[in-house]
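Here are some notes to read beside the model. Please keep the sequence and the 3D view open while going through the points.

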Amino acid sequence: MAEGTVERVEEELGDVTRGEFGHALEPAPGLLPGELRPHPSPFKYVVIAVILVTVTALEVAVSYTEGDIPDGLIVTLLLIMAIIKFSTVAAYYMHLQTDRPIFRRFFVLGVLAACTLYAIVLASLSVFN
Amino acid sequence: MATIEQTTEVGGPPATAGGHGHDPHATATGVTNTKLAMWLFLSSDCLFFGAFIAAYLLYRGRADQAGPSPKEIFDIPFTSATSFILLMSSLTMVLALAAIPRGDHRRFKIWVLSTALLGATFIAGQIFEFTEFSREGLHVDTSLFGSSFFILTGFHGAHVTIGIVWLLSLWGLSMQKRLPTAQAERVEVAGLYWHFVDVVWIVIFTVIYLVPQPGR
């Protein structure tokens, strides 16, 4: 490849990078590298912990309703609450909400790949029947 | 959040893209290699845990298995307590991370040590649980349920143990004043790993312990 072409490609890649992360390359004063917005305050972290504990308590309570309400409803409620807890920890404690989108994309890709792959495997083995 | 000194070229990759001055190499993406590598590792680890969870779901409901069934041996109140401990360790971890950019090393040391101790308590609970299950006749080779359960929760426990060692090493560095504010990213990466261990347990706790068990 000609030298001029290499330089042009590098320049174009730079443009793409700046388009994707433009403002992130210039972190505002007070931000850590990789942050788009400041991380939550310690007080907010405590509030999130209280929410997580409350949802966990609800989960345990729902699991004790077995026999009183249909199993399908119990499973649905438990999965919804687990997703809420998972997303809350990932968004706030792992800072996916305030950090650059590239981290979120990688993680979501891994989670979705795992869920899709194993859902197909389990469905093909009739586990959900 | 305290200001972190950094040099950034406007319109180009940051001059200290490694973050906090310990990695002078700029990256094309503008994100630090260490943090990106950790996210990629966590992303791939989802597939690892997914495989073990899928295996458990596949084998737990088999009717023709020797040994006790999940309902007979699971102690939900006890596991709920250990889950609460692991959740609280995520809070202390994030408080440790919040302390270090402020230069508050005293609080950092307290929170990071608390996190390691909470993690150790969780592991102690898991060892107790495994011992109880063993006493009640469920071993790793008793049944497919036993194998898939012990391998899944043991794999998670190994992750927690590695995390504890990592956190204690950070605490040790801080005690020796070898963890300056400029290296906050080292704490952040350890924190990402620790929170991942927590989110995986959120899934395990729900899917393995709480979801109604078939074929009892």
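1. Chain A layout. Read along its sequence, chain A runs α-α-α-α. That pattern comes from four helices and zero strands. Helices (H or I, at least four residues) and strands (E, at least two) are DSSP runs, numbered from the N terminus.

2. Ground rules. This is a predicted model, in which local features need pLDDT of at least 70, side-chain atom pairs count only at pLDDT 80 or more, and totals for chains, interfaces and linings use all residues. Residues are numbered from 1 along each chain as its sequence is written, while chains are lettered from A and ligands numbered from 1 in the order in which they are written.

3. Overall confidence. The model scores ipTM 0.86 and pTM 0.84. Chain A has an average pLDDT (the predictor's confidence in each residue, from 0 to 100) of 83. In chain A, 74% of the residues score at least 70. For chain B the mean pLDDT is 87, and 87% of the residues in chain B reach 70 or more.

4. Where to be careful. Among the elements of chain A, helix H1 (residues 3-21) has the lowest mean pLDDT, 53. The highest, 97, belongs to helix H2 (residues 42-63) of chain A. Over residues 19-26 of chain A, pLDDT stays under 50. The model has 13 contacts beyond four places in sequence for that stretch; two residues are in contact if their C-beta atoms, placed from the backbone, lie within 7 Å. In chain B, pLDDT stays under 50 over residues 1-24, for which there are 63 contacts beyond four places in sequence. Where pLDDT is low, the predicted coordinates should not be read in detail.

5. Burial and contacts in chain A. Of the 129 residues in chain A, 25% are buried. The cut-offs: a residue is buried if 20 or more other C-beta atoms lie within 10 Å of its own, exposed if 12 or fewer, and partly exposed in between, with C-beta atoms placed from the backbone. Take the contacts in chain A with a separation of 6 or more: residues 24 or more positions apart account for 50% of them.

6. Two loop residues in chain A. A:Ile69 sits in the loop between H2 and helix H3 (71-93) of chain A. A:Ile69 counts as exposed because it has 11 C-beta neighbours inside 10 Å. A:Ile69 and A:Ala82 are 13 residues apart in sequence and 19 Å apart in space, C-alpha to C-alpha. A:His95 lies in the loop between H3 and helix H4 (101-124) of chain A. A:His95 is buried, because 25 other C-beta atoms lie within 10 Å. Phi of A:His95 is near 65 degrees, a positive value in a residue other than glycine.

7. A loop residue in chain B. B:Lys177 is in the loop between helix H5 (144-175) and H6 of chain B. Phi of B:Lys177 is near 60 degrees, also positive in a residue other than glycine. Is B:Lys177 buried or exposed? B:Lys177 is exposed, because 8 other C-beta atoms lie within 10 Å.

8. H3 against H6 in chain B. Helix H3 (residues 76-99) and helix H6 (residues 184-210) of chain B pack at an angle of about 160 degrees, with their axes 10 Å apart. So H3(B) is roughly antiparallel to H6(B). Axes are lines fitted to C-alpha atoms, for helices over the stretch in contact, and angles run from 0 to 180 degrees between N-to-C directions. Angles under 35 degrees count as roughly parallel, over 145 as roughly antiparallel, 65 to 115 as roughly perpendicular and the rest as oblique. The crossing of H3(B) and H6(B) is left-handed (the near helix is turned anticlockwise from the far one by less than a right angle; clockwise would be right-handed).

9. B:Met93 in that contact. Residues of H3(B) that meet H6(B) include B:Leu86, B:Ser90 and B:Met93; among their partners in H6(B) are B:Gly191, B:Trp194 and B:His195. B:Met93 is buried, with 30 other C-beta atoms within 10 Å. Not counting residues up to four places away in sequence, B:Met93 touches B:Thr115, B:Gly191, B:Trp194 and B:His195. B:Met93 and B:Gly191 are 98 residues apart in sequence, yet 6.2 Å apart in space, C-alpha to C-alpha.

10. H3 against H4 in chain B. The axes of H3(B) and helix H4 (residues 105-135) of chain B come within 8 Å and cross at roughly 160 degrees. Therefore H3(B) is roughly antiparallel to H4(B). The crossing of H3(B) and H4(B) is left-handed.
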